[in-house]
Protein chains: 2
Amino acid sequence: MKRAIVLGAGMVGSVMALDLASDPGFEVTVADVRDEALARVAAKAPGRIRTLKVDLGSPEAIRSTVAPFDIVLGALSSRIGFGALKAVIEAGKPYCDISFMAEDFLELDALARKAGVTCVTDCGVAPGMSNILAAHAALLLKPCHRIEIFVGGLPRERRWPFEYKAGFSPADVIEEYTRPSRFVEAGQVVTREALTDANLMDFEGVGTLEAFNTDGLRSLIETVARRHGVPFMKEQTLRYPGHIELMRVMRETGLFSKEPIEVGGVKVRPLDVTSAVMFPKWTYQPGEQDLTVMRVKAWGVQQEREVSLQWDLLDFFDVASACTSMSRTTAFPCTIVARMIADGRFARPGVNAPEALADQPGAVDHLLAELKARGVVYRAATLTA
Amino acid sequence: MKRAIVLGAGMVGSVMALDLASDPGFEVTVADVRDEALARVAAKAPGRIRTLKVDLGSPEAIRSTVAPFDIVLGALSSRIGFGALKAVIEAGKPYCDISFMAEDFLELDALARKAGVTCVTDCGVAPGMSNILAAHAALLLKPCHRIEIFVGGLPRERRWPFEYKAGFSPADVIEEYTRPSRFVEAGQVVTREALTDANLMDFEGVGTLEAFNTDGLRSLIETVARRHGVPFMKEQTLRYPGHIELMRVMRETGLFSKEPIEVGGVKVRPLDVTSAVMFPKWTYQPGEQDLTVMRVKAWGVQQEREVSLQWDLLDFFDVASACTSMSRTTAFPCTIVARMIADGRFARPGVNAPEALADQPGAVDHLLAELKARGVVYRAATLTA
């Protein structure tokens with residue numbers, strides 16, 4: 001019996017806890033500062049999930065909280081993700097995390113190596129499965145010419161005007177819409193304005209979506225493009241057509257600006273005001289259905305033939321469990337990899353980007369099979385050029 | 001020699017002053033609190049325009065300022081228009097005004113009657129000429145079935161994303177986009193949400209524009225629809241297609257809200273923040289060209305035949321004088337009517353909406369001829385049904 005603790009009892013953290021709680025090999029605890037979030041997750045698996053009220057913004061509190069556990073899982077807001085990662089390493093505990101931190105988690109790699117703990121960060125759907133499949137493709141194709149990733153989390157009902165709701169922090173979404181997007185072209189890292197290079201693409205079961213530049217490659221630029229020598233890599237975000245034009249307009253108007261302006265005698269950041277009025281409209285209501293769509297496509301040579309390898313995910317809100325697609329597609333890669341760390345199948349001291357899993361023989365097949373067992377199906381196809 | 005004073009040395013006020021200064025019958029003074037605005041207008045007709053530095057937000061200052069003058073013209077911001085009107089009446093001076101005040105100027109009618117002074121308000125293009133032509137049509141057609149007014153001031157260059165610049169206060173534009181729009185249908189006043197009932201319309205010399213509901217009828221509901229018994233009346237605003245969708249989105253998002261919200265420990269009105277970032281992009285740069293497009297159309301019976309009467313205005317920035325179309329089309333009706341008041345051709349003590357001019361025999365023809373002499377041409381047409 002392994003003792004697991006999930007840091008964060010939000011949408012993703014609660015799915016993680018439930019997944020582990022359904023496994024007789026684990027004793028599961030969830031930590032959060034919000035009583036109602038803890039009560040909500042505990043009520044979903046009575047007697048199977050313990051709760052701890054902890055301020056997860058405090059590294060000290062995290063260090064003492066995780067001490068009695070064998071494996072730690074993280075589902076925290078981007079703001080406190082990096083501090084939590086450091087605290088877990090300092091406590092000498094292995095960690096599998098989906099917190100979308102802005103900081104470079106590889107800065108903590110040396111610390112984790114020294115502590116001898118295996119950590120995997122960004123281990124959700126994208127980043128997460130997108131990284132693992134990209135690295136997997138780069139290993140299968142010799143050479144690999146190009147990798148493209150398209151991903152979006154969307155509401156099933158399209159409501160004017162945004163036709164969008166944010167499965168995670170809306171502030172992180174806007175951050176992706178404003179930060180320059182990094183891609184790899186002809187072996188060079190190039191920077192494009194976010195929200196540009198828009199194309200319409202059809203996805204079976206969803207219809208036409210609009211793909212556009214956002215800064216999504218993150219660690220893949222180093223691990224896949226540089227190390228495996230893949231000369232072209234891009235990741236684009238998918239939304240219902242038209243959303244991105246509104247975002248461009250709001251950005252151009254200055255409504256996403258972080259520069260404080262003086263209005264009526266007080267100083268405010270336009271982004272904070274825009275967020276305050278807009279984010280309530282971007283929030284999923286209880287029971288509101290979402291979907292996740294992702295395509296990872298790689299071009300290259302396999303057995304002396306030009307081919308492309310493609311993985312397609314189309315996942316919907318799960319009515320039976322009332323769990324969003326976003327929380328399920330994000331939580332399960334993390335719980336599956338956490339089990340691999342806990343039972344020693346993945347043991348690589350240091351802070352690992354998820355693509356490190358692709359190096360482990362059989363790991364990708366295991367992940368895809370375990371995801372499928374949970375209803376999250378990646379359809380793989382090999383297409384000849 | 002008549003002594004005229006123009007209150008306000010902004011875009012419209014300066015065109016008023018120049019128009020009167022070109023007339024040997026007038027001695028012209030302009031009052032404003034802004035030194036640079038006064039210097040600018042004085043420089044355009046050296047020796048012909050006197051300037052007075054006056055705080056026009058102070059009714060007391062206005063009363064003493066206008067005392068030595070025979071006729072007063074107003075081109076003030078909507079915020080101070082009503083106070084100025086009252087002060088001019090109290091000073092016992094006749095007044096012709098284009099300030100787009102939100103208050104009901106007819107509240108001051110009794111005061112003006114008592115003082116024996118003739119005032120005409122809203123005497124620009126729309127409101128202004130639109131009112132006069134609508135009332136004129138209602139008198140020509142027996143019965144008059146329907147009157148429709150379409151009007152827009154637009155930049156000649158269409159720039160993404162708004163394809164719009166505000167010829168007058170952008171705050172007044174947003175006010176028109178948010179206030180419920182009043183129309184007359186089957187003899188009843190009905191209220192529609194602003195920005196609704198959008199239609200594409202082609203205008204020769206401009207192309208396709210989008211017409212949509214705004215609250216523009218103002219005094220016409222009482223003076224033309226009720227008194228003349230015109231059962232259907234509407235006024236719609238014209239913009240380049242697409243503008244209005246962005247305004248709808250921003251309104252829906254809450255960015256035009258006047259309800260203060262708390263952001264980062266301070267209270268702000270979202271509209272104030274939106275205005276602060278957006279209005280600089282809505283401001284004409286010096287020399288930037290605009291156009292004014294208006295159609296007043298009335299259906300009814302003339303000489304026992306069903307006809308429609310139509311007046312079309314299409315006016316462009318005047319390169320020779322570097323005056324915007326908006327300032328010229330707005331200022332000239334006011335200076336022409338001010339002359340009629342000054343020389344006694346229009347004498348009706350009270351506060352008059354501009355449509356009162358239509359009752360005066362020959363006044364509409366005189367106005368249209370004088371406007372044409374200044375290059376502002378209304379093309380009239382009678383169409384058989």
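**Conventions**

I number residues from 1 along each chain as its sequence is written, and chains are lettered from A and ligands numbered from 1 in the order in which they are written. The model is predicted, with local features needing pLDDT of at least 70, side-chain atom pairs counting only at pLDDT 80 or more, and totals for chains, interfaces and linings using all residues; side-chain values use heavy atoms, and hydrogens and water are left out.

**Entry 1: chain A as a whole**

I began with the secondary structure of chain A and found twelve helices and 18 strands. Helices (H or I, at least four residues) and strands (E, at least two) are DSSP runs, numbered from the N terminus. The radius of gyration of chain A is 20 Å, close to the 21 Å from the globule rule for 385 residues, so chain A is as compact as a globular protein of that length. That radius is taken over C-alpha atoms, and the rule is 2.2 Å times the number of residues to the power 0.38. Along the principal axes, the C-alpha atoms of chain A fill a box of roughly 65 × 50 × 40 Å.

I then looked up burial: 57% of the 385 residues of chain A count as buried. Buried means under 20% relative accessible area, exposed over 50%, and partly exposed in between (1.4 Å probe, protein chains only). Among contacts in chain A with a separation of 6 or more, 68% come from residues 24 or more positions apart; contact means heavy atoms within 4.5 Å.

**Entry 2: the two copies**

I noted that chain A can be laid on chain B with an RMSD of 0.1 Å, by a turn of 179° and a shift of 0.1 Å along the axis. The two copies are therefore related as by a two-fold rotation axis. The same surface serves both copies, since 100% of the contact residues of chain A recur in chain B. The superposition is by least squares on the C-alpha atoms of residues with pLDDT of at least 70 in both.

**Entry 3: the open sheet of chain A**

I traced an open sheet of seven strands in chain A, in the order 3-2-1-4-5-6-17, with parallel pairing. Two strands pair if DSSP finds at least two bridges between them. Strand 3 (49-53) and strand 17 (350-352) of chain A are the edge strands, each pairing on one side only. From one strand to the next, the twist averages 20°.

Within this chain, strand 5 (residues 95-97) and strand 6 (residues 118-120) of chain A pair in the parallel sense over two bridges. C96(A) has V120(A), in strand 6 of chain A, as its bridge partner.

Two helices packing on the sheet were looked up next. Helix 2 (residues 35-44) of chain A touches strand 2 (26-32) and strand 3 of chain A, and its direction makes about 175° with that of strand 3. Helix 4 (residues 78-90) of chain A touches strand 1 (2-7), strand 4 (71-74), strand 5, strand 6 and strand 17, and its direction makes about 165° with that of strand 5. Axes are lines fitted to C-alpha atoms, for helices over the stretch in contact, and angles run from 0 to 180 degrees between N-to-C directions.

**Entry 4: backbone details in chain A**

I found a cis peptide bond joining A126(A) and P127(A), with omega about 5°; P127(A) lies in the loop between strand 6 and helix 6 (129-140) of chain A. The bond from K142(A) to P143(A) is also cis, with omega near -5°, and P143(A) is in the loop between helix 6 and strand 7 (144-155) of chain A.

A186(A) is a residue other than glycine, yet its phi is positive, near 50°. A186(A) is exposed, with a relative accessible area of 56%. One of the contacts of F232(A) is A186(A); F232(A) itself lies in strand 12 (residues 232-239) of chain A and is partly exposed at 28%.

**Entry 5: sites in chain B**

I looked up T223(B) in helix 8 (residues 220-226) of chain B and found T223(B) buried, at 12% relative accessible area. Its side chain makes a polar contact (a pair of N or O atoms within 3.5 Å; within protein, one must be able to donate a hydrogen and the other to accept it, and residues adjacent in sequence count only if both atoms are side-chain atoms) with the side chain of E355(B), at 2.6 Å.

R328(B) is in helix 11 (residues 325-342) of chain B and is buried at 6%. The side chain of R328(B) reaches the backbone oxygen of F316(B) at 3.3 Å.

Note on methods. Lists of a residue's contacts leave out its neighbours within four places in sequence.
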